[in-house]
Amino acid sequence: MSILVVNSGSSSVKFQLVEPGSGESVATGLVERIGESDGRVELDYRGESVERIEHIDDHGAGLALAFEMLADAGVELESVTAVGHRVVHGGTVFYRPTIIDDAVVQQISDLSSLAPLHNPPNVLGIEVARKQLPNVPHVAVFDTAFFHSLPDAAATYAIDATVAAEHDIRRYGFHGTSHHYVSDQVAQFLERDLAELNQIVLHLGNGASASAVAGGKAVDTSMGLTPLEGLVMGTRSGDIDPGVILHLRRSAGMSVDDIDALLNRRSGLIGLSGVNDFRQLQQRIDDGDASARLAYDVYIHRLRKYIGAYMIGLGRLDAITFTAGVGENAAAVRADALADLEGFGIEIDPERNALRSKQARVISTDSSTVTVLVVPTNEELAIARAVDSLVRS
């Protein structure tokens, strides 16, 4: 049995064919540069890679080409038993994996005001995949689901309660599939009871978020109503005084859309340094670029603030885990984020931290009372297993 997992973004679509029982990824692919003349579809199937570069009109054309390449590679699409769709925002409506029908598609679309950059392309991917594979169940798995049960104190903004209720304003949190998967993996790796573990999970990629997890349940997270709140990210500002937005509107005459683009696409690392790839950022730091150094220092400063806040919030801390592209690969970020915390029982082993591996591993010293780990995330497998469980039931 195979589950096709689809992650449809604004200008790209990632897809993966997963066997949920074994966890094996049978095929992975990427459709990118949709709408451009040099559109590209890449497919990896059982160790073989193929790609096609041509104009791709839209998501429909891109996914149709992907399905054609899967068939040409020998993948039997009849073996697909269900399709799982990553959906970023479920609002207050969706907090469990949900079988998709026309009404669900409309509800996800209606939530686009809460995630205007994410939900519309998610809906496009769903619509296209339902046409391509009409005879199997399609299931939506929501990024916000893991944080649905945040304590009220963590989920509530201190604004007029009537306004908040009328417009569904609360802290929803994102990257939930990753935080859920990784926190479970930590318990398995350490051979500890998940119900007894207090953890901080740091999902550091181009988008970045932190979570505090007590006994397997999220009790706090850095992202809020939208994925803009929290840590400094590749192109997003993270936390900012709301007064900045008012100042830009009044004094600079910027429109709401202008400010949206500024904070979501031209801020964070790219706004401070001109690059959002950590490899390029590190090279610029090595070359003496002051703006790159400042961007890195701001990134680490914000990260340490959240780690400290969650340590206090949890009361007792057993594990800190780094995951996602930056978290799994940037040893300097891990070391600097946890530097000089020996007094709190956190000690990084430099040799363990420097080791590059795709496997889960401990990077703290044997004497560290808090275990520090690197655990690769696998959102596609988590989605596939959630879909498989729902379909079987």
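The protein chain of this predicted model contains 15 helices and 14 strands, where helices (H or I, at least four residues) and strands (E, at least two) are DSSP runs numbered from the N terminus. The radius of gyration of the chain, taken over C-alpha atoms, is 21 Å, close to the 21 Å that the globule rule (2.2 Å times the number of residues to the power 0.38) gives for 393 residues, so the chain is as compact as a globular protein of that length. Along its principal axes, the C-alpha trace spans about 55 × 55 × 50 Å.

Of the 393 residues, 49% are buried, meaning under 20% relative accessible area with a 1.4 Å probe, protein chains only. Among contacts (heavy atoms within 4.5 Å) with a separation of 6 or more, 61% join residues 24 or more positions apart.

Turning to the strands, 6 of them form an open sheet of mixed pairing in the order 11-10-9-12-14-13, two strands being paired if DSSP finds at least two bridges between them. Strand 11 (217-221) and strand 13 (361-362) stand at the edges, each with a single partner strand, so one side of each is left without a neighbour in the sheet. Within this sheet, strand 9 (residues 198-204) and strand 10 (residues 208-214) pair in the antiparallel sense over 7 bridges, and Asn-198 stands opposite Ala-214 in strand 10.

Residues are numbered from 1 along each chain as its sequence is written. In this predicted model, local features need pLDDT of at least 70 and side-chain atom pairs count only at pLDDT 80 or more, while totals for chains, interfaces and linings use all residues, and side-chain values use heavy atoms, with hydrogens and water left out.

Note on methods: Buried means under 20% relative accessible area, exposed over 50%, partly exposed in between (1.4 Å probe, protein chains only).
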